[in-house]
Amino acid sequence: MLLRTKFKHLPCTKSIRYISHLSRKPRHRNSIPLSQQQDPHALLKEDPVEILSNLWIKTFSQPQNLFTNITGFLSKLDLWVLAYQRTYAHFTGSFPPRNALHSHVLSDLSSLRNTVIHGKFLWNAKTHQLIRGPNEKPITEQLSRRQLHNILTSKTPPFQDTVVQQVLLMILEPIFEPRFSSKSHAFRPGRNPHTVVRTIRSNFAGYLWFLKGDISEVFDDVDVNVVMGSLEKAVKDKKVLNLIKSGLRAPVRSRLGEEEDEEEKNSKKRKQGRTKKRILNENDRKPDPYWLRTFFDFAPQEAAKIPNYGCCGILSPLLANVFLSELDHMMEQKIVEFFRPCERDAIWKYSMDDGCHNPAWPEFVPSSGKEKTRKMDFIRFGGHFLVGIRGPRQDAVEMRKEIIEFCERIFGVRLDNSKIEVEHISRGIQFLDHIICRRVIYPTLRYTASGGNIVSEKGIGTLLSVAASLQQCIRQFRKLKLVKGDRDPEPLPCTPMLYSGQAHTNSQMNKFLETMAEWFRYADNRRKVVGFCAYVVRSSLAKLYAARYRLKSRAKVYKIASRDLSRPLREHTNNSAPEYSDLLRMGLVDAIEGVQFSRTSSIPSCDYTPFPRNWIPDHEKVLCEYINLQDPKFFCQLHKSVKQHGICLPQDEISDIVWEYKTLGVRSLSQRLCGDKGMENASQEVMAAS
């Protein structure tokens with residue numbers, strides 16, 4: 001049977017029509033003119049960073065402004081070039097310079113831009129790609145049936161889809177960032193899990209009941225109409241909305257049945273892969289180092305799931321924040337309605353943001369007293385959120401009911417009570433691998449009574465504690481097969497590094513320990529957790545070296561290599577062979593780094609740097625300051641406030657000196673300023689002032 005007759009039996013006959021065009025560059029009706037195709041660099045007229053900067057400034061100066069013409073940004077080829085550079089760097093690891101791009105790349109980007117603008121772009125079109133990735137080879141021969149089937153069933157998205165997603169992300173992110181709530185910290189620039197932990201430490205003191213919610217079901221399956229309804233509140237461009245809507249509805253082959261079929265087909269290849277070591281080509285993506293793969297396995301439950309809708313790819317986290325922001329705004333309104341201040345309360349007397357807390361130790365909250373302020377706070381990281389309530393348990397139960405009804409009405413997700421748990425602070429709440437709990441303390445309060453007598457009394461209060469979860473750390477080590485047991489874990493040999501040298505193994509595990517120490521930077525028990533991780537890693541490496549060099553026990557390994565395993569374990573017994581020190585001096589071997597944190601004194605302590613209650617990222621501060629400087633009303637108000645307080649501006653003093661110098665002359669001015677010092681000193685001071 002001919003190849004053409006075989007193609008007729010395939011279900012995707014429409015896409016096969018383009019197979020004959022894969023070997024040559026595709027041409028379109030809406031292609032750029034021939035005069036511009038000869039010199040595509042002439043199309044690059046603006047700086048893409050300046051375009052995006054002006055967009056950020058515009059959106060933050062007018063956050064509630066509607067955007068009706070985003071197609072104008074899509075028509076700028078400079079943004080497409082920047083998107084290509086970012087996508088290229090994601091696939092290869094190197095950011096290509098703008099001047100180093102070939103002419104055919106710019107022509108392909110122009111064709112892709114025209115296709116998107118005219119509404120003819122198709123997501124996941126693997127048989128008709130307008131631009132190819134840096135590691136993809138052009139197809140010059142006719143494809144067989146198996147090759148075509150592998151292309152159509154591949155799970156990797158086309159390179160051009162990622163470029164289109166990158167362009168949309170660069171344009172839509174500044175539009176929605178000023179609209180987002182400050183309670184959201186996931187998938188946003190300048191915010192990360194560390195800001196969540198620091199915000200909890202600063203703002204969640206004094207809360208008794210906590211609602212720990214999980215609405216990550218919206219990441220698996222979300223209604224397209226919900227996403228589009230949230231987008232239409234800020235974007236009114238139909239071309240962009242239709243492009244995103246088609247990407248959300250585009251089917252993706254990720255079913256379990258297909259995965260099982262692939263496993264059965266590749267069963268023989270897996271057996272061969274165990275015995276043979278694969279040699280990567282020059283253009284193949286290199287695997288992540290062992291320390292990075294190890295740290296990825298330590299990802300907390302709240303950060304493990306990343307949304308991925310249809311063919312939207314890297315645009316999906318932004319879309320998730322767009323429609324989840326409605327929950328944030330609803331909770332902000334509930335926080336204002338729930339707040340009931342009490343004048344007898346020493347923490348919140350008049351308003352929610354009055355700042356009436358101890359700046360030196362903001363976690364301290366009194367636990368005694370008949371009347372307390374009713375207050376609530378909320379924070380969200382992706383599909384997981386945390387609500388702190390200072391009041392009776394009935395308020396927490398009612399708030400859970402309102403959140404469940406809101407999610408069912410807006411998102412179409414039915415949540416049960418197990419998804420939103422009501423927990424007391426005394427039990428400890430685990431969030432982002434940190435346990436939020438309280439400790440009761442009895443400080444001594446000293447104050448001056450009537451008559452000038454100093455009175456000392458014992459008080460009672462609670463201290464908010466944010467500590468790392470040691471049990472969760474043990475579970476992660478058990479998944480990596482580095483320990484066994486639960487209550488008294490026993491380290492196991494680090495078998496993945498069996499065929500690596502001592503220098504390479506120690507450096508890999510040092511990077512892992514440094515990353516773990518940075519991850520638990522704001523945990524109260526940072527030294528304890530990092531010390532435990534260092535003990536597991538050091539003991540695992542000692543057992544590995546004992547098996548590799550036949551030393552039988554960890555004690556012998558520590559005796560030869562020292563406590564931090566920095567000394568070489570294998571020395572040449574032959575006197576004619578050079579020792580390790582000689583080889584290191586000649587540069588023929590790598591220097592062996594000692595395993596870090598082998599002593600408790602070398603482990604850094606918890607970072608208790610004060611965190612502002614109304615914190616915003618640095619880039620938002622710069623934007624707000626720049627917008628104020630560009631506003632003439634700001635300068636008018638500043639000038640009025642200076643005059644009201646009777647303050648003289650330095651510019652006024654300098655202008656008076658210059659005016660007197662021009663009208664009265666140097667002699668009279670020198671006599672007034674310097675008296676008997678002489679003409680030269682006066683003239684020098686006047687010239688320096690002017």
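Trainee: Is glutamate 518 buried, partly exposed or exposed?
Mentor: This is a predicted model, where local features need pLDDT of at least 70, side-chain atom pairs count only at pLDDT 80 or more, and totals for chains, interfaces and linings use all residues. Residues are numbered from 1 along each chain as its sequence is written, and side-chain values use heavy atoms, with hydrogens and water left out. Buried means under 20% relative accessible area, exposed over 50%, and partly exposed in between (1.4 Å probe, protein chains only). Glutamate 518 has a relative accessible area of 36%, so its class is partly exposed.

Trainee: Which residue does the side chain of glutamate 518 meet in a salt bridge?
Mentor: A salt bridge here is a side-chain nitrogen of Lys or Arg within 4 Å of a carboxyl oxygen of Asp or Glu. The N to O distance is 3.4 Å, and the partner of glutamate 518 is arginine 521.

Trainee: Which residues of helix 25 are buried, and why do they line one face?
Mentor: Helices are DSSP runs (H or I, at least four residues), numbered from the N terminus. The buried residues of helix 25 are Glu620, Leu623 and Ile627. Seen down the axis of helix 25, they fall within an arc of 60°, taken from the directions from the axis to the C-beta atoms, so they line one face. An α-helix has 3.6 residues a turn, so residues three or four places apart point the same way.

Trainee: Against which helix do the buried residues of helix 25 pack?
Mentor: Contact means heavy atoms within 4.5 Å. The face of helix 25 turned away from its buried side carries the exposed residues Asp618, Val622 and Glu625. The buried residues of helix 25 pack against helix 4 (48-61).

Trainee: How far apart in space are leucine 324 and serine 184?
Mentor: Leucine 324 lies in helix 18 (residues 316-338) and is buried, with a relative accessible area of 0%. Leaving aside neighbours within four places in sequence, its contacts include Ile215, Phe219 and Phe411. Leucine 324 and serine 184 are 140 residues apart in sequence, while their C-alpha to C-alpha distance is 9.1 Å.

Methods:
Helix = DSSP H or I, 4+ residues; strand = E, 2+ residues; numbered from the N terminus.
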